[in-house]
Amino acid sequence: MNIVVIGQGAIGLLWYHHLTKAQKNSVSLSCSASASSVPKHYHFTDLNNHSEQGLLTLANNTTLANADLILLCVKSYQVKAAIAALTNKISTQAIIVFCHNGMGAYQDLAKLPQPCLALLTTHGCKITRPFHAQHTGLGHHDLGLIAGDISPTIRDELTATLAQALPTLSFTEAIKDKQWLKLAINCVINPITAIENIDNGQLLDDKFKSLITKLIDEIIAVAAYENINFDFNELKASILQVATNTAKNCSSMRSDILQQRKTEIDYINGYIVNLARKAGLGVPQNEKIIQQVRALEV
Ligand code: PAF
């Protein structure tokens with residue numbers, strides 16, 4: 001496939017690295033304007049701590065025009081600008097895959113002619129310095145259609161291309177349920193670890209029990225308004241399982257705060273608060289935690 005990866009963050013480089021390894025793909029990387037200088041090579045450290053360098057093939061108007069697949073690996077608050085920059089440069093047949101945390105960024109956009117999919121990850125990956133990514137935890141990807149149509153043949157080709165590059169990955173018809181589960185996990189783990197400046201595993205401490213319960217109760221009430229039904233105990237167990245599996249990880253929101261970057265809070269707990277307003281529901285704990293994260297943002 002002709003693939004353009006947008007964004008040189010951890011997830012962008014994780015995909016660029018694995019997709020370029022498959023000979024049959026033609027892959028290029030489109031870097032954000034924030035990159036002060038773009039080197040000729042990138043570095044990637046794998047799960048066995050083995051580092052290698054690879055050639056950076058940069059996207060241009062031709063690779064964008066020929067792209068079968070656009071992998072949009074930017075933060076949720078950069079999605080709108082990234083899509084605006086692609087308008088009139090990509091084919092209406094190109095498939096756009098959104099790889100960001102949180103929800104609501106896609107809904108901010110005017111309807112796109114291209115088929116749009118969401119890709120949810122549980123991999124751990126971080127940027128150790130510009131254009132150097134380190135894979136820190138093996139995970140799984142779920143891929144699902146969020147707008148438009150794709151034929152079964154193209155869906156299978158896309159799924160196979162991505163799954164061969166970075167297993168395991170599966171196509172799901174239940175992407176909305178999975179997006180909500182990921183959202184709920186991020187709503188609890190990300191702000192608490194960012195505010196407390198702790199690794200994900202420290203969330204299992206009893207002192208966070210009551211806060212976690214309040215956040216989950218509010219999320220369940222808002223999700224029900226969207227016809228997503230969570231069971232309290234199951235949801236809590238899933239969240240704590242992710243905290244256990246990623247115990248030594250620094251959450252993306254904590255990394256954003258530590259590196260003085262804007263966080264994705266508006267698309268995580270902010271998404272819950274916006275929906276709660278529409279539904280006439282009170283979500284004081286989510287509102288409070290947003291204020292606490294905002295106070296840490298520069
Ligand atoms: O945003 C993150 O950091 C991750 O989605 C997760 C699952 C919370 C693990 O750190």
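Buried means under 20% relative accessible area, exposed means over 50%, and partly exposed lies in between, with a 1.4 Å probe and protein chains only. The model is predicted: local features need pLDDT of at least 70 and side-chain atom pairs count only at pLDDT 80 or more, whereas totals for chains, interfaces and linings use all residues. Residues are numbered from 1 along each chain as its sequence is written, and side-chain values use heavy atoms, with hydrogens and water left out.

View 1. Asn-25 occupies the loop between helix H1 (10-21) and strand S2 (26-30); helices (H or I, at least four residues) and strands (E, at least two) are DSSP runs numbered from the N terminus. Asn-25 counts as buried because its relative accessible area is 10%. A polar atom of its side chain lies 3.3 Å from the backbone oxygen of Leu-19. This is a polar contact, meaning a pair of N or O atoms within 3.5 Å; within protein, one must be able to donate a hydrogen and the other to accept it, and residues adjacent in sequence count only if both atoms are side-chain atoms. Apart from neighbours within four places in sequence, Asn-25 is in contact with Met-1, Ile-3, Leu-19 and Thr-161, where contact means heavy atoms within 4.5 Å.

**View 2. Lys-21 in helix H1.** Lys-21 lies in helix H1 and is partly exposed, because its relative accessible area is 45%. Its C-alpha atom is separated by 42 Å from that of Ile-289, 268 residues apart along the chain.

View 3. Strand S3 (residues 41-45) pairs with strand S4 (residues 51-55) in the antiparallel sense over five bridges; two strands pair if DSSP finds at least two bridges between them. Gly-54 in S4 is the bridge partner of Tyr-42. The hairpin has five residues between the strands, and Asn-49 takes a positive phi near 70°. This is a positive value in a residue other than glycine. Asn-49 counts as exposed because its relative accessibility is 57%.

View 4. The residues around the ligand are Asn-101, Lys-182, Asn-186, Ile-189, Asn-190, Asn-200, Val-242, Ser-251 and Ser-252, each with a heavy atom within 4 Å of it. Helix H5 (residues 175-196) supplies the largest share of the shell, four residues. By class, the shell divides into two nonpolar, six polar and one charged; Ala, Val, Leu, Ile, Met, Phe, Trp, Tyr, Cys and Pro count as nonpolar, Asp, Glu, Lys and Arg as charged, and the others, Gly among them, as polar. An oxygen atom of the ligand is 2.9 Å from a side-chain N or O atom of Asn-101. For Asn-190 the corresponding distance is 3.1 Å, and for Ser-252 it is 2.6 Å. The protein covers 86% of the 280 Å² of accessible area that the ligand has on its own.

**View 5. Helix H9 and its cover.** In helix H9 (residues 269-279), the buried residues include Asn-269, Gly-270, Tyr-271, Ile-272, Val-273, Leu-275 and Ala-276. Among the elements covering them are H5, helix H6 (209-225) and helix H10 (284-296).

**View 6. A cis peptide bond.** Pro-167 and Thr-168 are joined by a cis peptide bond, with omega about 0°. Thr-168 is placed in the loop between helix H4 (152-165) and strand S11 (169-171).

Notes
Areas by Shrake-Rupley, 256 points an atom, 1.4 Å probe, with all protein chains shown as cover.
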